[in-house]
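Here's a quick briefing to read alongside the sequence and the 3D view. Keep the picture open and look up each residue as it comes up.

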Amino acid sequence: MSSQQRDPATGERDEPPATVPVPSSSTGQRDGPAYLNSRLVPHPPATSAAKARRFGTWYLAEQHLRGMRGYLDIVIAYSVGNPLVYLFAMGIGLASLVDANSGGGAFGGVSYLQFIAPALLASAAMMTAAGEFSYAVMSGFKWWKTYYGPLATPLTPQQICQGHALAVTIRILAQSAVYLVIVLFFGAATSGWAWATIITASLAGVAFGLPLMAFSASITVEKGQFALVQRFIVMPLFLFSGTLFPLSTLPWFLQWIGWISPVWHATELGRVLSYGYAEPGWLSALHVLYLLALAGGGLVLARRVYARRLEG
Amino acid sequence: MPQTTSRPTVIAADQLTKRYGDFTAVDAISFEVPAGESFGLLGPNGAGKSTTMRMIGGVSQRSGGTLRIMGLDPEEQGPEVRAHLGVVPQEDNLDQELKVRDNLIVYGRYFGLPLSYLRPKADELLDFAQLTDKANARVEDLSGGMKRRLTIARSLINDPRVLLLDEPTTGLDPQARHILWDRLFRLKERGVTLILTTHYMDEAEQLCDRLIVVDRGRIMAEGSPSALIRQYSTREVLELRFGADRNAGAAEAVEGIGERIEVLPDRLLVYAHDGEAALEAIGNRGLSPLTSLVRRSSLEDVFLRLTGRSLIE
Amino acid sequence: MSLVRDADLQLTADRRPFASLYSRNVRAVIVRGLVATKTSNAAIMISGFVEPVLYLLSMGIGLGALIGTVQGPDGTEISYAAYIAPALLTVSAMNGALYDSTMNVFFKMNYAKLYQNMLYTSLGPLDVALGEIFLALLRGFLYATGFTIVMAAMGLITTWWALLMVPAAVLIAFGFASIGMGITSYIRTFQQLDWVTFIMLPMFLFSATFYPLSVYPEPIQWLIQALPLWHGVELLRQLSVGSFGVMTAVHLLYYVLMVIVGMTLTTRRLRALFLK
């Protein structure tokens, strides 16, 4: 017959305390979980609520950016490798064929490398957006349910939406900056305004990505929609947006793809900025407005879908 | 215990071992299961039960020891051995891309069974699993209990002689569990040998003729549920709660009552032949617990005695 | 169900070679794949051949208007579209086969737990591997056929020899699928699979797909000629115009060897892949 105290987790035995029968603990430090005796005091709930209102989107962006650290190596490899490979293959390899056969005039007096560099930059931003705003969004609702954790805190569904969007925007901006450095390394941008293509390309990314985000958030049953988006939207936007050749080269019945494509608008802007491509000012303004409208509209829509799905 | 000696041995494990790198999941365990027996592996999560099951099915390669299933080594003769087994894995791994009925038929094709057998058989099994009206549903749309029943129905498609069930009722509500137990009893009556793992002692007590208690890859005890309780525990248990900080102190005061005392963080267990008498004795000492409860000993108590730990953590 | 008798419980060993890995029931795995396709994702499956067609339209027509003609494998000038079409078919055979044998296998293994349930039956891992490879090749065959029809519709096919591109594309897919499954046996996380995609990209762009190899300095040319995709591109390009030489045999041999090495590797790694 014995009396013994055991920790259920480890099976280790502790000495039983000596006092019998004990009054309840009112004497401060006693054994038991440290949490119950903690001196750490959080700020008042009202402060939490106020901070959540002001910075909630950033807190959530931080959550997503921390998540991206799990695949940081491939993010970096992709950000550096992708521009190297594309600029080399298209801007040098394919260019040798194009420049030899097409004569100088086809690309407004610049080399094929200079012509496609802003297009490749904008396309890469769109493709990253396509990746980040598809499965990851649906999974937040469906598989990993990452959106439901923050929902139990003072944060709102709209902030959950914006936080994810902000994190991806930061990634796209960083990726575009790296891309531009490599473009400069290839000598493919000559203007002093070339730095601004980081912004126009990223704008293409979010102008495409935010409407996609709204769509992804509305998916309840995954039936391969993302494969279809990839095949019937992302690929055509890359291939028919005046990226690899001027839009005017396409037959007239295909040119509308470029007009609605964020990649085309961002590419044209990029060409103005990176080598001074001549374009009327109103057209450049139209490009910017179109991209902003797509991004803004996408965000409004996405916020609504998030709110409906998380709180509905 | 039922008469087992005259029947052939279905499973013979000798010094069976599985290591993952430095971690030993199954540590040289030996046991035999005769035909027609319902044999259980009882232990907490991570005890090595599922790994043992996977080795029996020949889908995990052992690191040491020998294993014979109906006379064959499942690693050398995987397809031959598994042709006679039915397996219910711990997690339902139904084919999400197929409809409910097609799950049964396609699974039967893996055994090379002809469609002329499988079509009527699938309907019988849907009925057995009470899923007839869900035949054309998507797996996704089934409830947890329905998925479990479908997994069990699927494991019966080849009329297996030996059924391996890994935590068959985890995650089911009480009613669904009883339906399932009933189905398993019926199979046992047909002579099917049942091998099951569980961390529910009531399930082990209900279903198993004989069981081994497993902890950290080792066998701690072996026998029928009632024999194990007799051997390692008293008839009744008195559970007392004195409040968070007072249990340990109260244990000293209770000393001498019953045959043995266990102090858990939230309560005190007094093992006694007569629980009510023990409670009275405690009252006589002037102790007044916040709550008290007298119950029969269970396999949980056996496990606590053997390992110093609870089954469910 | 019938009563189990003691006599039912004495099994005799199967003495066939590979008895532990193979139960001669590949057909069940194939049937499962077809039923699943019919139930769940037929539309996506069919749309898979769109990507090379888009490339052909964009680069062949759009860029082709700027480039004009290039030198074909037999020395005559051919249109740029006719030049890149066989290369795009090769790339699509590679992508499809690698996708099926890496991503798809990995997903079915670790997330859908499909193989877990297959391997608890009398199927062996070799049945599963052969069945999955067959399904990948069947898909490759359909895509190659579709793409060849598109080529014909665009007037890019001038000889009956070009029909041989279809079986050749299947051989190319077989080479990549068998190697891919072997590679998957070493994969532990989805992130590692991203690296497979990452390596495919330069192979796609550099293997004389869009412009001749002569652009590169000689050492780089040697490197690319050692890689499988280049052999596939050249093989299909030769078949597309019906121009054969010693190199045709070399390209074919390259893929035959690739299949042998890949299948040997996959068979050896089956235990690591399926039985952990």
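Phe18(C) sits in the segment before H1 of chain C. Its phi is positive, about 65 degrees, even though Phe18(C) is not a glycine. Bear in mind that this is a predicted model, where local features need pLDDT of at least 70, side-chain atom pairs count only at pLDDT 80 or more, and totals for chains, interfaces and linings use all residues. Residues are numbered from 1 along each chain as its sequence is written, while chains are lettered from A and ligands numbered from 1 in the order in which they are written.

- Most residues other than glycine have a negative phi, and most peptide bonds are trans.
- Phe18(C) counts as partly exposed, because it has 14 other C-beta atoms within 10 Å. (A residue is buried if 20 or more other C-beta atoms lie within 10 Å of its own, exposed if 12 or fewer, and partly exposed in between; C-beta atoms are placed from the backbone.)
- Ala28(B) is not a glycine either, yet has a positive phi of about 50 degrees.
- You'll find Ala28(B) in strand S2 (residues 23-34) of chain B. (Helices, H or I with at least four residues, and strands, E with at least two, are DSSP runs numbered from the N terminus.)
- With 15 other C-beta atoms within 10 Å, Ala28(B) is partly exposed.

**Chain B as a whole**
- Chain B has eleven helices and 13 strands.
- Its C-alpha trace spans about 75 × 45 × 40 Å along the principal axes.
- Of the 313 residues in chain B, 52% are buried.
- Take the contacts in chain B between residues at least 6 apart in sequence: 69% of them join residues at least 24 apart. (Two residues are in contact if their C-beta atoms, placed from the backbone, lie within 7 Å.)

**Helix H5 of chain B**
- H5(B) covers residues 144-155, and its twelve residues should span 16 Å at 1.5 Å a residue; the end C-alpha atoms are 17 Å apart, which agrees. (The expected span is 1.5 Å times one less than the number of residues.)
- Nine of the twelve residues are buried, so H5(B) is largely enclosed by the rest of the structure.
- Among those buried residues are Arg148(B), Leu150(B), Ile152(B) and Arg154(B).
- Their cover includes helix H4 (115-128), strand S6 (162-166) and helix H6 (174-189) of chain B.

**Gly258(B)**
- Gly258(B) lies in the loop between helix H9 (247-254) and strand S11 (260-263) of chain B.
- Is Gly258(B) buried or exposed? Gly258(B) is buried, because 24 other C-beta atoms are within 10 Å.
- Leaving out residues up to four places away in sequence, Gly258(B) touches Leu238(B), Val270(B), Tyr271(B), Ala272(B) and Ala278(B).
- Ala277(B) is 19 residues from Gly258(B) along the chain, and their C-alpha atoms are separated by 9.1 Å.

**Nonpolar cores**
- The largest nonpolar core has 237 residues, and those with the most contacts inside it are Met126(A), Ala204(A), Ala169(C) and Ala173(C). (A nonpolar core is a set of buried Ala, Val, Leu, Ile, Met, Phe, Trp, Tyr and Cys residues joined through C-beta atoms within 7 Å.)
- Helix H3 (residues 80-110) of chain C gives the most to this core, with 17 residues.
- A second, separate core of 19 residues includes Ile257(B), Leu268(B), Tyr271(B) and Leu279(B).

**Where chains meet**
- The contact between chains C and A takes 27 residues from chain C and 27 residues from chain A.
- H2(C) gives the most to the side of chain C that touches chain A, with eleven residues.
- That side of chain C divides into 19 nonpolar, six polar and two charged residues. (Ala, Val, Leu, Ile, Met, Phe, Trp, Tyr, Cys and Pro count as nonpolar, Asp, Glu, Lys and Arg as charged, and the others, Gly among them, as polar.)
- Elsewhere, 42 residues of chain B are in contact with 37 residues of chain C.
- On the side of chain B that touches chain C, there are 17 nonpolar, eleven polar and 14 charged residues.
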